[in-house]
Amino acid sequence: MNDLSDYVRHEFTGRASTLPARATVGFWSYFVNGSPGTDVTAPTPYTPCAVSAQEAIECLRMLALERLIGRQHQPHQLIEAGLTALVLGVETESLPLLAGLCRTDHESAEELFAQVLAELGLPETLPDDDTDVPWQAARWELVRWWLRLIVNGSLAPGAGGDVITYEGWGALARPRCLQPLVDTVDAYNAWDAVQDRTRERAIVTEAERLLAGPWPPPE
């Protein structure tokens with residue numbers, strides 16, 4: 001559907017526009033394909049992906065790293081990560097409280113999330129900010145995580161590529177090792193990404209190449 005009138009036409013007459021549907025609102029475009037001009041400082045639009053307690057804890061730690069560099073989260077993202085961890089057998093006193101929050105209690109998500117992190121001892125595992133580039137080690141860890149999310153389908157290639165370009169490549173003083181990925185993302189954004197699955201796949205392929213090598217990648 002292209003707009004409200006197109007929806008009404010389809011719903012009540014069975015006929016819809018012959019024009020291809022497209023996202024026109026920046027917020028939703030970010031979630032659909034990470035198209036250029038969207039807000040890359042918005043919460044990272046990923047879905048939790050873990051099949052073991054260890055992976056669920058790693059997800060919680062990555063969310064903590066995102067907070068460390070100043071990225072915000074939607075309350076439901078923290079709750080979903082907590083629920084995933086709980087289902088996979090992670091045990092802390094506050095985890096059931098976080099996982100069980102209803103919509104009317106979302107304002108408690110940040111506090112409970114911080115409690116879960118403390119109970120798991122995760123704050124002590126986070127890197128210090130002791131380099132010329134702000135949060136350099138944290139950003140490299142996050143770039144690798146975002147690449148993994150792109151590869152396993154938990155984060156749309158366009159949106160993930162935009163986040164890596166902004167929070168990784170740009171914030172890390174544009175390392176040459178990430179330039180091929182950034183160029184691939186730029187090529188993706190220059191076209192109608194919804195219909196160009198070849199360029200979308202190219203981002204995934206470049207993510208796989210980076211993950212297959214040493215980390216951080218050598219310059």
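**Entry 1: aromatic pairs**

I counted 2 aromatic pairs in this predicted model. Under the rule I used, rings of Phe, Tyr and Trp (its six-membered ring) pair if their centres lie within 6.5 Å; planes under 30 degrees apart count as stacked, over 60 as edge-to-face and the rest as tilted. I found the ring centres of Y46 and W145 5.4 Å apart with planes at 65°, so this pair is edge-to-face. Y46 sits in the loop between α2 (26-32) and α3 (53-68) and W145 in helix α7, so the pair ties together parts 99 residues apart in sequence. Helices are DSSP runs (H or I, at least four residues), numbered from the N terminus. I noted that Y46 and W145 are both buried; buried means under 20% relative accessible area, exposed over 50%, partly exposed in between (1.4 Å probe, protein chains only).

I then looked up W140 and W215, whose ring centres are 5.8 Å apart with planes at 85°, so this pair is also edge-to-face. W140 lies in helix α7 and W215 in the segment after α10 (197-212), so parts 75 residues apart in sequence are tied together. W140 counts as buried, at 11% relative accessibility.

**Entry 2: basis of the values**

I recorded that residues are numbered from 1 along each chain as its sequence is written, and that side-chain values use heavy atoms, with hydrogens and water left out. In this predicted model, local features need pLDDT of at least 70 and side-chain atom pairs count only at pLDDT 80 or more, while totals for chains, interfaces and linings use all residues.

**Entry 3: helix α7**

I found that α7 has 17 residues and reaches 25 Å from its first C-alpha to its last, close to the 24 Å expected at 1.5 Å a residue. The expected span is 1.5 Å times one less than the number of residues. Among the buried residues of α7 are W140, W145, W146 and L149. Which helices do the buried residues of α7 pack against? I listed α3, α8 (157-170), α9 (179-189) and α10. Just after α7, G153 takes a positive phi of about 85°.

**Entry 4: L126**

I located L126 in the loop between α6 (109-119) and α7 (136-152). Is L126 buried or exposed? L126 is buried, with a relative accessible area of 17%. Not counting residues up to four places away in sequence, L126 touches R61, A64, L65 and L68, where contact means heavy atoms within 4.5 Å. The C-alpha atoms of L126 and R61 are separated by 8.0 Å, although the two residues are 65 apart along the chain.

Terms used
Helices (H or I, at least four residues) and strands (E, at least two) are DSSP runs, numbered from the N terminus.
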